[in-house]
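Reader: Can you put the model up? I'd like to go through some side-chain contacts.

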Amino acid sequence: MISSLHVAEQGVGSKTIALLHGFGGCHDVWRDVIALLGPSARTLAYDLPGHGLSLDFPGAGPAKVAARAVLADLSARELKRVHLVGHSMGGAVAVLTALAGPEKVASLTLLAPGGFGPEINGPLLRRYAGAESLSEILACLAAMSGPRARPFDHTADTLRDMRKRPGQLEKLVEIAAAMTRDDRQGVIPRDQLDRLAMPVMVVWGSDDAVLPFTQADDLPARFHVHHVLEAGHMLIEEAPDLIAGIILRNMNRRARSVRPKLAAATG
């Protein structure tokens, strides 16, 4: 029996890619990326706690709750290792999942991840949380995107439909308020990032209005960082072909070799 997290599963490949959306999203935002990953990829696109069909997940809100839920779901599916991809809030969830269950994560691809620095555009995220009409949602998506973003019609329709579910809008407002308290976000300590031995790729748009791309500075030297020029925060929708290619390349990288600790000398 698996947990009550909703997961949309596609493909039958031998490698599994788990996809974690950002705040206010749902599994369907990965639609274009999944199509570009190809039919041989097995994908698990999650609705994170408090979102979509996982709206009623107990304790929804904190990234740690989501990470525990994802890890429990992967264990229930008896998957040995997965390639984990997370966007924004889902990026923070992906990092916490990898820290809690490193043996489960073959690679980590982080798209403008949360938790890499305290700066966050609280007013914009709170506005997005409360956006209900199609025009309001489109305006928020435009504000979070780069200057060359293509139309967001499908994504906006999906998000509007999701927000029609009783309690969804109120839950998003609650999560946004907690996540952006004092217009700062929680930060994952640097020493914890140093513990990640699997291949890590960090992707950030140069025109990100939600989380500044400078949060990708001063990461562990073995992290690969890819800046996307003139892209904003909505990397999944803005550059699905680029994101799919980056995921596939990171899946083929080798993990860091971990040196065994020397036994303490005894006298």
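Author: Here it is; note that this is a predicted model. One place to start is Ser145, which touches Phe152, Gly232, His233, Met234 and Glu238, leaving aside residues up to four places away in sequence.

Reader: Where is Ser145 found?

Author: Ser145 is in the loop between α5 (134-143) and α6.

Reader: Is Ser145 buried or exposed?

Author: Ser145 is buried, because its relative accessibility is 10% and the cut-off for buried is under 20%.

Reader: What does the side chain of Ser145 reach?

Author: It reaches the backbone oxygen of Leu141, at 2.5 Å.

Reader: Switching to charges. How many salt bridges does the structure hold?

Author: Eleven. One of them pairs Arg165 with Asp56, with 3.1 Å between the closest N and O atoms.

Reader: Which parts does that pair tie together?

Author: Arg165 sits in the loop between α6 (153-163) and α7 (168-179), and Asp56 in the loop between β3 (42-47) and α2 (63-76), so the bridge ties together parts that are 109 residues apart in sequence.

Reader: And Asp56, buried or exposed?

Author: Asp56 is exposed, at 62% relative accessibility.

Reader: Which residue does Asp183 form a salt bridge with?

Author: Arg126, and the closest N and O atoms are 2.9 Å apart. Asp183 lies in the loop between α7 and α8 (190-193), while Arg126 belongs to helix α4 (residues 122-130), so this pair links parts that are 57 residues apart in sequence.

Reader: What is the accessibility of Arg126?

Author: Arg126 has 34% relative accessibility and counts as partly exposed. Asp183 is partly exposed too, with a relative accessible area of 32%.

Reader: What about Lys171, which residue is its salt bridge with?

Author: Glu174, with the closest N and O atoms 3.1 Å apart. Both residues lie in helix α7, three residues apart, which is about one turn of the helix.

Reader: Is Lys171 buried or exposed?

Author: Lys171 counts as buried, at 16% relative accessibility. Glu174, on the other hand, is partly exposed, with a relative accessible area of 45%.

Reader: Which residues do salt bridges with shared partners join into one network?

Author: Glu9, Arg42, Asp73 and Arg77 are joined that way.

Conventions
Residues numbered from 1 in each chain as written. Predicted model: local features only at pLDDT ≥ 70, side-chain atom pairs only at ≥ 80, totals over all residues. Heavy atoms only, no water. Salt bridge = Lys/Arg side-chain N within 4 Å of Asp/Glu carboxyl O. Helix = DSSP H or I, 4+ residues; strand = E, 2+ residues; numbered from the N terminus. Buried < 20%, exposed > 50% of the residue type's maximum accessible area, 1.4 Å probe, protein only. Polar contact = N/O pair within 3.5 Å; in protein donor to acceptor, adjacent residues only side chain to side chain. Contact = heavy atoms within 4.5 Å.
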